[in-house]
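This report covers a ligand site, the salt bridges and a surface patch. The sequence and structure come first.

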Amino acid sequence: MVRILFSAPPGLWAEYRAPLTRALDEAGIKAEIVTGTGDPAAIDYVVFAPGGGLSDFTPFTGAKAVLSLWAGVETVVGNPTLTQPLCRMVDAGLEEGMVEWVTGHVLRHHLGFDRDICATEPHWDQRVPPLARDRTVAVLGLGALGRACAEALAALRFRVLGWSRNPRAVPGIDCHHGAEGLRPVLEQAGIVVLLLPRTPETEGLIDAERLSWLPEGAVLLNPGRGALIDEAAVLAALDAGRLGHATLDVFRTEPLPPDHPFWRHPRVTVTPHVASETRPASAARVIAENVRRAEAGEPLLFRVDRARGY
Ligand SMILES: NC(=O)c1ccc[n+]([C@@H]2O[C@H](COP(=O)([O-])OP(=O)(O)OC[C@H]3O[C@@H](n4cnc5c(N)ncnc54)[C@H](OP(=O)(O)O)[C@@H]3O)[C@@H](O)[C@H]2O)c1
């Protein structure tokens, strides 16, 4: 019998209780899941999301892994009390949702939907949008989410450039990597999608200099993390016309404060951190599989590299 602590914001347990119990059962794991620590030394696994009140992992002396419910682990990866292996969430449901959000927002800008939808006066503007093959989309981050989005965009026939830390080869995607690989990617990008994790290296990546590398009027989509962009530089680039539009799902402060200039900027679209989310049914199977692996002495899936920060 393994003992699992479910530590997450109130309300999530109701969503996860049935799928997690079922997934563990299907994986052949006899488990007791608790939502209060009781005897922390007796806990074998911690299923974790920030906001559940757990910040000190020291008492979990017997825990074999901390299994994050979220894909982004920036708020926990640097926690000095966390010495147990940390795994992030790679979930098929999360990926599907992100592909839909990214392709939807890319198509909005590619097809110029705003021109027709926002028109308040009769207009007969017969500008036909270019084909996707004539539009270049850059996806920064080619991990679980970035790669899936890049592939979906390529399937729609966009010309897709990708950027990652290490060299990656993704069929149909023009892949670049490392600091020197960023400029050629941005210089060609009509639409840029940020799907990078927040780390010390990516913090403020999209600053005034990087924005100046973009073609005039490029569109920025940020469903990654708010800290990836320098907000003041993005606003300045919008006002200067360097950026044609910014569609932002994530922010340095969430909820985005009511007086933040992003809310009222005519060329900014704010979505309230809803690009995608971990889906309990599929995520429960990922957690159960990692518990099964650990119990069988097999390597954990999606283990976070603490030094890298993701
Ligand atoms: N808005 C939302 O609703 C939502 C939902 C879920 C996740 N997210 C965000 O999406 C992010 C990405 O998720 P994921 O599952 O795709 O992450 P992932 O699988 O860890 O992939 C991260 C990608 O970013 C690249 N990268 C990291 N640091 C870099 C650097 N310094 N320079 C260049 N590339 C770098 C990695 O390069 P390598 O391939 O070389 O390692 C990898 O390709 C999460 O961290 C989270 O912040 C947002």
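A backbone N or O atom of Leu142 lies 2.8 Å from an oxygen atom of the ligand, a polar contact in the sense of a pair of N or O atoms within 3.5 Å (within protein, one must be able to donate a hydrogen and the other to accept it, and residues adjacent in sequence count only if both atoms are side-chain atoms). The model is predicted, so local features need pLDDT of at least 70 and side-chain atom pairs count only at pLDDT 80 or more, while totals for chains, interfaces and linings use all residues. Residues are numbered from 1 along each chain as its sequence is written, and side-chain values use heavy atoms, with hydrogens and water left out.

Ala144 places a polar backbone atom 2.9 Å from an oxygen atom of the ligand. The protein buries 94% of the 950 Å² that the ligand exposes when taken alone; accessible areas come from the Shrake-Rupley method with a 1.4 Å probe, and for residues only the protein chains shown count as cover.

There are 30 residues around the ligand, and Arg88, Leu142, Asn166, Arg168 and Tyr310 come nearest; a residue counts as near if one of its heavy atoms lies within 4 Å. This shell divides into 14 nonpolar, 10 polar and six charged residues. Here Ala, Val, Leu, Ile, Met, Phe, Trp, Tyr, Cys and Pro count as nonpolar, Asp, Glu, Lys and Arg as charged, and the others, Gly among them, as polar. At least two shell residues each come from helix 2 (92–111), helix 4 (144–155) and strand 7 (159–164), and helix 4 gives the most, with three. Helices (H or I, at least four residues) and strands (E, at least two) are DSSP runs, numbered from the N terminus.

**Salt bridges**

Side chains of opposite charge can pair when their charged atoms come close. A salt bridge is a side-chain nitrogen of Lys or Arg within 4 Å of a carboxyl oxygen of Asp or Glu, and by this rule the count comes to 19.

| Glu295 | Lys64 | 2.8 Å |

Glu295 counts as partly exposed because its relative accessibility is 37%; the class lies between buried (under 20%) and exposed (over 50%), with a 1.4 Å probe and protein chains only. Lys64, at 35%, is also partly exposed.

Arg165 lies in the loop between strand 7 and strand 8 (174–177) and Glu201 in the loop between strand 9 (191–194) and helix 6 (208–212), so the pair ties together parts that are 36 residues apart in sequence. Arg165 is partly exposed at 38%, whereas Glu201 is exposed at 57%.

Glu289, Arg292, Arg293 and Glu298 are linked in a network of salt bridges.

**Surface patch**

Leu111, Phe113 and Ile117 make a nonpolar surface patch of about 270 Å². Patches are made of residues with over 30% relative accessible area and no salt bridge; like charges are joined within 9 Å, and nonpolar side chains (Val, Leu, Ile, Met, Phe, Trp, Tyr) within 5 Å. Ile117 belongs to helix 3 (residues 113–117) and counts as exposed because its relative accessibility is 64%.
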